[in-house]
Amino acid sequence: MTLSDAELERYARHIVLREIGGGGQMRLKAARVLVIGAGGIGSPAIEYLAAAGIGTLGGVDDDQVSLSNLQRQTLYATGDVGRPKVEAACARVTALNPEVTFTGFEQRIDARSADALIAQFQPNVILDGCDNFATRLLVADACQRHRIPLVSAAVSEFEGQLGVFRGWEAEKPCYHCFVGHDPERPGISCAEQGVLGALTGVMGSLAALEAIRAIAPFGEDPAGKLLLVDALAFRFRTLTLPKDPGCPACAGPATP
């Protein structure tokens, strides 16, 4: 795989970074990233992943663009209202970077479809920004089964959280080690409690950064840590997440 002259110019600011360089950019070009949820977090994540030159992007969302989405979902415009999100996302990605292939999946993930979707798309990384807890658990379980790095981001009002999970590795927690195992945990939607629109941009961009790091590693490994953002207090905090030795999802034999 090589980079064309146009790609060398497009990604020049990446290539001059010692930690990425031409080799890292080619890894991004060869990569496949699946984004679960094309909403507040998925919207900026898809934009930045496309701009970064991820060769193949997938987006999973069964929703249509509504006027209330536009306060935070910058992937869409007023003219997209009523259009399937994955269709509008495909058009935006193509306009932003024609070097990137975008595949939209207009569906909601359930226990049966998660494995089939992974088998079809074959992602190197999955970025989860969906808006309900049950789906997050399904996605996390699928990532654990298939040993695919999971970048998980969430927002609520003025707070955000971000984690990277590779629970099949020794000493690295899975998503269940963090949240537990209650699939009936109630979810509260943005419509019920609100969310600061710009914060979804921050968390979606950070999630895109971690997906890029998972493909072309640089800096410290974030797996096993949780980033907490408090926009009211103007504060970022990082917590260490221990692996739960009794976790039924990841407490099996460690990867050699």
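Biologist: Which residues form one aromatic cluster with Phe165?

Modeller: Tyr175 and Phe178 form one aromatic cluster with Phe165. Keep in mind that this is a predicted model.

Biologist: Okay, and how many aromatic pairs does a search of the whole structure find?

Modeller: The search turns up 4 aromatic pairs. One of them is Phe105 with Phe121: the ring centres are 6.1 Å apart and the planes sit at 85°, so this pair is edge-to-face.

Biologist: Where do Phe105 and Phe121 lie?

Modeller: Phe105 is in strand E3 (residues 101–105), while Phe121 is in helix H6 (residues 113–121), so the pair ties together parts that are 16 residues apart in sequence.

Biologist: Buried or exposed, those two?

Modeller: Phe105 has 7% relative accessibility, so that residue counts as buried. Phe121 is buried too, with a relative accessible area of 3%.

Biologist: Back to Phe165 and Tyr175, then. What is the geometry of that aromatic pair?

Modeller: Edge-to-face, with 5.5 Å centre to centre and 90° between the planes. Phe165 belongs to strand E6 and Tyr175 to helix H8, 10 residues apart, and the pair links those distant parts of the chain. Both Phe165 and Tyr175 are buried.

Biologist: Switching to the backbone. What's the phi of Glu171?

Modeller: Near 70°, which is a positive value in a residue other than glycine. Glu171 is in the loop between strand E6 (159–165) and helix H8 (175–179), and with a relative accessible area of 68% Glu171 is exposed.

Biologist: And what about Phe234, which isn't a glycine: what's its phi?

Modeller: Phe234 has a positive phi of about 55°. Look for Phe234 in the loop between strand E7 (225–230) and strand E8 (235–240).

Biologist: Is Phe234 buried or exposed?

Modeller: Phe234 counts as exposed, at 81% relative accessibility.

Biologist: Zooming out, how many helices and strands does the protein have?

Modeller: There are 10 helices and 8 strands. Of the 256 residues, 48% count as buried.

Biologist: What radius of gyration does the protein have, and what would a compact globule have?

Modeller: The protein has 18 Å, and a compact globule with 256 residues would be near 18 Å, so the two agree. The C-alpha trace spans about 50 × 45 × 40 Å along the principal axes.

Biologist: How much of the contact set comes from residues 24 or more positions apart?

Modeller: They account for 66% of the contacts with a separation of 6 or more.

Biologist: Last one: how many positive and negative side chains?

Modeller: There are 23 positive and 29 negative ones, and the centres of the two sets lie 5 Å apart. As for the surface, the accessible area is about 12300 Å², with 54% belonging to carbon and sulfur atoms.

Methods:
Residues numbered from 1 in each chain as written. Predicted model: local features only at pLDDT ≥ 70, side-chain atom pairs only at ≥ 80, totals over all residues. Heavy atoms only, no water. Helix = DSSP H or I, 4+ residues; strand = E, 2+ residues; numbered from the N terminus. Rg over C-alpha atoms; globule rule 2.2 N^0.38 Å. Buried < 20%, exposed > 50% of the residue type's maximum accessible area, 1.4 Å probe, protein only. Contact = heavy atoms within 4.5 Å. Areas by Shrake-Rupley, 256 points an atom, 1.4 Å probe, with all protein chains shown as cover. Lys, Arg positive; Asp, Glu negative; His and termini not counted. Charge placed at Lys NZ, Arg CZ, Asp CG, Glu CD. Phe/Tyr/Trp six-rings, centres within 6.5 Å; stacked < 30°, edge-to-face > 60°.
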